[in-house]
Amino acid sequence: MAPANNPDIEKDADAQGGGVQSVDRALQILEILAREGDAGVSEIADEMGVHKSTVSRLVGSLVNRDLVRQNNERGKYQLGFGILRLATSIPGRLSVVREAREVLEALAAEFKETVNLAVLRSNYAVNVDQAMGPSTLATYDWVGSLTPLHATSSGKVLLAALTADERNQVLKTVGLPARTPRTITNRGELEKQLLDVARNGYAVVHEEFEIGLTAVAVPIFNHMGSVIAAVSISGPAFRFAPEEQPGLIEALREAGLAISAKMGYRRR
């Protein structure tokens with residue numbers, strides 16, 4: 001019996017599969033190059049478990065489409081500018097509001113509280129969409145509201161994602177005004193909390209923005225792995241305790257990753 005990596009058998013398999021196998025293998029090559037940075041034909045063939053001639057043929061097609069290019073110095077292959085051309089056409093067509101809507105509604109239905117989607121605009125967290133849970137006591141519409149970064153869960157998630165210089169510029173501009181007696185107004189204390197937010201992947205605020213309101217938020221990432229928004233769940237402090245409610249924070253994290261995936265993010 002001929003070995004599975006015989007090039008003639010592989011070519012026949014591609015023909016019988018109507019090219020589907022070739023497409024799948026070409027995508028595998030792109031994924032390998034995306035992960036490794038560059039790789040030679042032999043390395044790629046070994047990882048895929050196929051003959052070098054198969055990889056050579058597919059790489060040649062990808063080179064012709066500018067999706068892959070050869071590094072002249074090392075002779076290895078890497079992703080080409082055609083990938084960038086394709087990738088840059090996607091983000092502008094993706095609306096985080098549109099992509100998040102179904103997830104927001106599912107969260108609101110599951111936990112019966114208000115769910116908000118916020119982005120960073122003009123040194124504030126701006127709520128761009130909202131889903132109301134059946135247990136919501138108030139019907140206040142937060143969409144379009146500017147909320148302080150240092151006093152809200154979404155704001156802290158967005159602040160934690162900024163560089164030190166960016167954060168310094170924002171806080172220098174808006175300061176740390178107290179919204180309630182619980183608002184953190186000390187820069188050092190806030191920075192420590194933001195480190196925890198970045199480390200834990202979520203932020204919780206207890207009556208820092210409004211007395212009687214507790215909220216928890218997680219980040220949403222884009223295709224580059226940058227934080228572009230935050231999704232939060234909020235509710236009355238007398239009944240809503242995110243860190244004590246089994247499964248809530250984990251479900252919120254998964255919701256954030258689900259929206260991120262729709263925006264092109266791939267979990268590492």
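Predicted model: local features only at pLDDT ≥ 70, side-chain atom pairs only at ≥ 80, totals over all residues.
User: Where does Ser260 sit, and is Ser260 buried or exposed?

Analyst: Burial is read from relative accessible area, and under 20% counts as buried. Ser260 belongs to helix 10, residues 248-262. Its relative accessible area is 0%, so Ser260 is buried.

User: What lies 2.8 Å from a polar atom of the Ser260 side chain?

Analyst: The backbone nitrogen of Phe221 is at that distance. Setting aside neighbours within four places in sequence, Ser260 touches Pro219, Ile220, Phe221 and Tyr265.

User: How do helix 2 and helix 4 pack?

Analyst: The angle between the axes is the value to read, and 65 to 115 degrees counts as roughly perpendicular. Helix 2 (residues 20-36) meets helix 4 (residues 52-64) at about 80°, and the axes are 10 Å apart. The two helices are therefore roughly perpendicular to each other. On the helix 2 side, the contact uses Ser22, Arg25, Ala26, Ile29 and Leu30. Helix 4 contributes Thr54, Val55, Arg57, Leu58, Val59 and Leu62.

User: What kinds of residue make up the contact of helix 2 with helix 4?

Analyst: There are 7 nonpolar, 2 polar and 2 charged residues in that contact.

User: How many salt bridges does the structure hold?

Analyst: A salt bridge is counted when a side-chain nitrogen of Lys or Arg is within 4 Å of a carboxyl oxygen of Asp or Glu. The structure has 11 of them. One of them joins Arg187 and Glu191, with the closest N and O atoms 2.8 Å apart. Both residues are in helix 9, 4 residues apart, which is about one turn of the helix. Arg187 is partly exposed, at 30% relative accessibility.

User: Which parts does the pair of Arg182 and Glu207 tie together?

Analyst: The side chains of Arg182 and Glu207 form a salt bridge with an N to O distance of 3.2 Å. Arg182 is in the loop between helix 8 (164-174) and helix 9 (187-200), and Glu207 is in the loop between strand 6 (203-206) and strand 7 (213-221), so the pair connects parts 25 residues apart in sequence. Arg182 is partly exposed at 48% relative accessibility, while Glu207 is buried at 16%.

User: What are the values for Glu99 and Arg98?

Analyst: Their closest N and O atoms are 3.6 Å apart, in a salt bridge. Glu99 is buried, with a relative accessible area of 17%, and Arg98 is partly exposed at 49%.

User: Which residues are linked in a network of salt bridges?

Analyst: Arg101, Glu105 and Asp129 are linked in this way.

How values were computed:
Residues numbered from 1 in each chain as written. Heavy atoms only, no water. Buried < 20%, exposed > 50% of the residue type's maximum accessible area, 1.4 Å probe, protein only. Polar contact = N/O pair within 3.5 Å; in protein donor to acceptor, adjacent residues only side chain to side chain. Contact = heavy atoms within 4.5 Å. Axes fitted to C-alpha atoms, helices over the stretch in contact; angles between N-to-C directions. Parallel < 35°, antiparallel > 145°, perpendicular 65-115°, else oblique. Nonpolar A, V, L, I, M, F, W, Y, C, P; charged D, E, K, R; others polar.
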